[in-house]
Amino acid sequence: MKRKMSVIVLLFSIFMYSLLTGFAPLPRAAAQTDGQPGEILADYAGVVRETSPRSDGIYHIDTPRSIQILKELHINTYYYLVWHEKTDWDDLKNEFLPAARDANINIVVYLVPPSESTGVRKSYPYTTDYIAWSKAIAQLSLEFPNLTGWAIDDFNHNLTTYTPEYMARMKQTSEAINPKLVFTPQMYTDSLNESFLQTRGAYIDGVILAFRDGIYRNTQVYESAQQQIDNAYSLLSSYNLPLYWMLYASQLSLTPANPSANYVREVVQIALDNMITGKIKGVITYVLKKNFEPEPIDDKAYNDTGYLNFFVGAGAPTSAGEYEEASQKIRIDRKSDQYALTFQTMDHGPNSMGYHKKQLLIDGQVVWEQDAAEIKTDLQWNTINVDLSPYLSGKRTAQLSFRFYEAKPVKNFWTYAGFDGLQPEGFTVENGDFADTTNWKFNSSSAAIIGEIMQYDERRAERAYGQTKKSYLTYGLYHSIYTADLKPQLKTDLADKAEMVMDHYFAEKNRKAINKLRQLKNKIRVKSGREIPVEMAQKWQSISDELLTYYESEM
C-alpha cells in the first residue's frame, strides 16, 4: 500500500510542478523502432596539438593534422571538447569548423559541467553559463551547418545545476536561433531512469551513454554491454529519444590501465552490431589517441611486459568472503629439502586497513596474507619470501593460487593489486613472470573483482585506432549501400552481402569476410553503369579495395 501511495504522490507532484512552472514532462510513447540503422560514426577529443606554442604561449590544436587523421578514421562526426586550453573555442570557430566542413565531418561541441570546471581548466569563454553557450553555439551553427549539436559531460552528476527550468531556458535559447541544433547530455547507465526522462526528457534530443560495465566501473569486462544497450534503448525509445553509445578507448580514471586494443575492438563492434538494428543512432570513441606514442603509465610490470592484476572498481559493491584467484598446478621436486617462493607484490588505492586482502594459497590453504593497505607507497614493488616446506613436503603436485579476498564488504573502495617475478625453490611454476596469458586459470566468486594477466602493449594506441578504423569502414560500406537510391531488390541483395562481410570480420573469420567482400565487389562491378550509377559503384569499389587490404593484412 505504501508503494502505491508513493507513486500517486510522485505523479501528483509532477502534475503540480508542470502547472506551476509551465514545463510539462514528456509523455511516454509505445517503445518502437523505425528499423533504420544508426548513421553516426564518431570520435571524441584526443586531437593532435601543434608541437610548438604560438605567440600566446599556447599549444593550439593542429587542425590540418587532426582533420587528416579523423578522415583516415572514416568518421562522419567529431565531438570537439572545449576544455584543455582557453583558445579551444577560437580554434574551433576560426580553424577547425571550416576544415571539418571541407572534409564533410560534422561537429558537436562538447562542454564540461560545473563539477569539472575547476582550477584553470574550464570551457572558456562562457564557462558554466550554459544559456550563453546555447546561444553562442546556435549562432555559430548558422554560419557552419556542419555544427550539428552540443553536449555536456557528466550531466547526471550536476542535476542541481541542470534543473528542468534551466534546461528549458537552454532549449528555448538555442531553438529560437536554430531549431535543428541537437542537445545530448552525456550520462551513465545507472543514472538514466524514468524520473530523469519525465522531468528533463522534453529538453534533450537524445542521450550519450558512456559504457564502463555499469556498477563495476571498468574497461576490462564488456559482457554486460548488450544488456545495457537493450535496457537503455527500451527506456529511451519509449520517449522517442535516440541512444548514442560512448566507448572508452583511453584510460578511465581509477582503473589500472588503458583499455586493451582488443577491448576497444570488441566494444566498438558490439555497438556497430546494434547500429544495424537501429538500437543505437551513433557510436562514439572516447579519446581514441592519434599520436601513437608509447604509454608508460601502463608499463607497471616488475619485469618483462606483464603482471598478475586484481582490481575492484570505484563504486563496485562486494560482500565479505568474495574473491578472485589465479591458479596453476605446480610440479614438486621431491628430492629437494627446501621449498619456498619469492615473489613481488604491489598495490594502488586508498590505504584503509581491513578490507582487501592479498593471499597465497597451497591446495586451498592460505599460507601468506597481506592487507592491500599495508604497503603505503602506491605502485612500489615489494619482495615477499614464503617458506612452503610445511605445505609441499612429500607431495608430487599441488595447486598454487594467488587470491584477492574481501575481508569486509565495500561499496566504494577501489584498489588494484599486482603479483610478478615468481622465483620458486624446490618446485616449478610456469609463466612465473606473466610474460603472456598462458598457464594460469582464473576463478571468481564476484563480478566486482576482476583478475587478469595485464600486458603492456607499446603499440596499444596504434592498434586501437587501427581496429576502430577498420570496423568503422566496414560498417560504413554497409550503411552507404543500405541508404543508396537503388531498386529495392538489388539494394537488399547488396546490403545483405555487406552485412555478412561485417558479421564474418567481427567474428574474426577473415577468410570468409574476404570471400564475401570479393563477391560483393564483383556484383557491384557487373551492375556499374546499369543499375548502379558509375560514381557510386566506384566509391564502393574503392572502399572494398581498402577493406580487402586490411583484412588480408590480418591473415
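Guide: Helices here are DSSP runs of H or I with at least four residues, strands are DSSP runs of E with at least two, and both are numbered from the N terminus. The model is predicted. R217 lies in the loop between β6 (207-211) and α7.

Visitor: Is R217 buried or exposed, and how do you know?

Guide: Buried means under 20% relative accessible area. R217 has 11% relative accessibility, so it counts as buried. Its backbone also deserves a look: R217 has a positive phi of about 40 degrees, although it is not a glycine.

Visitor: What makes F434 count as buried?

Guide: The cut-off for buried is under 20%. The relative accessible area of F434 is 0%, so F434 is buried.

Visitor: What about L235, buried or exposed?

Guide: L235 is found in helix α7 (residues 225-237). Its relative accessible area is 15%, and the limit is 20%, so L235 is buried. From C-alpha to C-alpha, L235 and G321 are 36 Å apart in space, and they are 86 residues apart in sequence.

Visitor: What kind of peptide bond joins Y124 and P125?

Guide: A cis peptide bond, with omega at about 10 degrees. P125 has its place in the loop between β3 (106-111) and α4 (130-143).

Visitor: How many bridges join β10 to β18?

Guide: Strand β18 (residues 441-444) is joined to β10 by 4 bridges, and the two run antiparallel. E325 stands opposite N443 in β18.

Visitor: What makes β10 and β17 a pair?

Guide: The definition asks for at least two bridges. β10 and strand β17 (residues 427-428) have 2 bridges, so they pair, again antiparallel. R331 stands opposite T428 in β17.

Visitor: Which strands make up the closed barrel?

Guide: The barrel has 8 strands, in the order β1-β2-β3-β4-β5-β6-β7-β8, with parallel pairing. On average, neighbouring strands of this sheet are turned by 25 degrees against each other, direction ignored. Strand β1 (residues 40-44) and strand β8 (residues 282-286) run parallel and are joined by 5 bridges. L41 has V283 in β8 as its bridge partner.

Visitor: Why are α10 and α11 called roughly antiparallel?

Guide: Angles over 145 degrees count as roughly antiparallel. The axes of helix α10 (residues 460-482) and helix α11 (residues 488-506) cross at roughly 165 degrees and come within 8 Å. The two helices are therefore roughly antiparallel to each other. Their crossing is left-handed.

Visitor: Which residues in α10 and α11 meet?

Guide: Among those in α10 are Y475, Y478 and I481, and among those in α11 are L494, A498 and M502. The residues of this contact divide into 10 nonpolar, 3 polar and 3 charged.

Definitions and conventions: Residues numbered from 1 in each chain as written. Predicted model: local features only at pLDDT ≥ 70, side-chain atom pairs only at ≥ 80, totals over all residues. Heavy atoms only, no water. Axes fitted to C-alpha atoms, helices over the stretch in contact; angles between N-to-C directions. Parallel < 35°, antiparallel > 145°, perpendicular 65-115°, else oblique. Left-handed = near helix turned anticlockwise from the far one by under 90°. Contact = heavy atoms within 4.5 Å. Nonpolar A, V, L, I, M, F, W, Y, C, P; charged D, E, K, R; others polar. Buried < 20%, exposed > 50% of the residue type's maximum accessible area, 1.4 Å probe, protein only.
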